[in-house]
Amino acid sequence: MSQDNEITAIKVNVKNRKRRSIFIDGEFALSVSEGVLFQNHLKVGDNISPEALSSLKSEEETHQILQAAYRFLSYRPRSIKEMRDRLLEKEWSKDQVTAVIAKLEDDGYLNDLDFARMFARDRVKFKYLGPAGLRNELFRKGIDQELIALVVDEIYTEHPPAKIIEALMKKRGIEPRAEVVPKEKTRLINQLRRKGFSWGEMEALVTGLKTSSGK
């Protein structure tokens, strides 16, 4: 049977005044956040078993993981895979990271469909990305194939590939059915391929360009 130990002091952490250092039997045991301390109603003179102390340490680690996740989300939205990978880089327990991910999903902070839609709008609007390119980038973000198919269909119904290609051409100073030198036409085709447009999606606009005799 395990023996309880006494909390002999609870002090404000020197480096972070929002944390508390807990001393057991006169020795420093661990540092916890104010929230974890108050939630457990801990005070000097309380007895705490080794099991309760272990549980307290686990609760504090979960709290730290959750706070880290909120910080990551404050920089930009993230997919579930991105968040999991980022948290695991910190070498926290995989089980606790999984529990935090589940809480973030339940609370609405992580949602792969919402993330994929936002990501797709951004990549199409600002990067002129084509369907194949968007599929690849969403796949690398860890988005499920069914969600990728749904989001790609939605975004290119709203913004047809031909309209995106036209916008990219105008950005390059090329009007539809304009006259261009062969090298400029080749560069345009290569750029569209890199952005993930198929020949079928670009053919009408590209073949509509007149080739001048310039080099």
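I began with the surface: the accessible surface of the protein comes to about 13100 Å², with 49% of it belonging to carbon and sulfur atoms (Shrake-Rupley method, 1.4 Å probe). This is a predicted model, in which local features need pLDDT of at least 70 and side-chain atom pairs count only at pLDDT 80 or more, while totals for chains, interfaces and linings use all residues. I number residues from 1 along each chain as its sequence is written, and side-chain values use heavy atoms, with hydrogens and water left out.

I then looked up the overall form and noted 10 helices and six strands (DSSP runs, H or I of at least four residues for helices and E of at least two for strands, numbered from the N terminus). The radius of gyration, taken over C-alpha atoms, is 28 Å, well over the 17 Å that the globule rule gives for 215 residues, so the protein is more spread out than a compact globule (the rule is 2.2 Å times the number of residues to the power 0.38). Along its principal axes the C-alpha trace spans about 90 × 35 × 25 Å.

Next I turned to the interior, where 40% of the 215 residues count as buried (under 20% relative accessible area, 1.4 Å probe, protein chains only). The largest nonpolar core has 29 residues, and Leu134, Leu138 and Tyr156 are among those with the most contacts inside it (a core is a set of buried Ala, Val, Leu, Ile, Met, Phe, Trp, Tyr and Cys residues joined through side-chain atoms within 4.5 Å).

Last, I checked Ser49, which lies in the loop between β4 (47-48) and α2 (50-75) and is buried, at a relative accessible area of 16%.

Methods: Buried means under 20% relative accessible area, exposed over 50%, partly exposed in between (1.4 Å probe, protein chains only).
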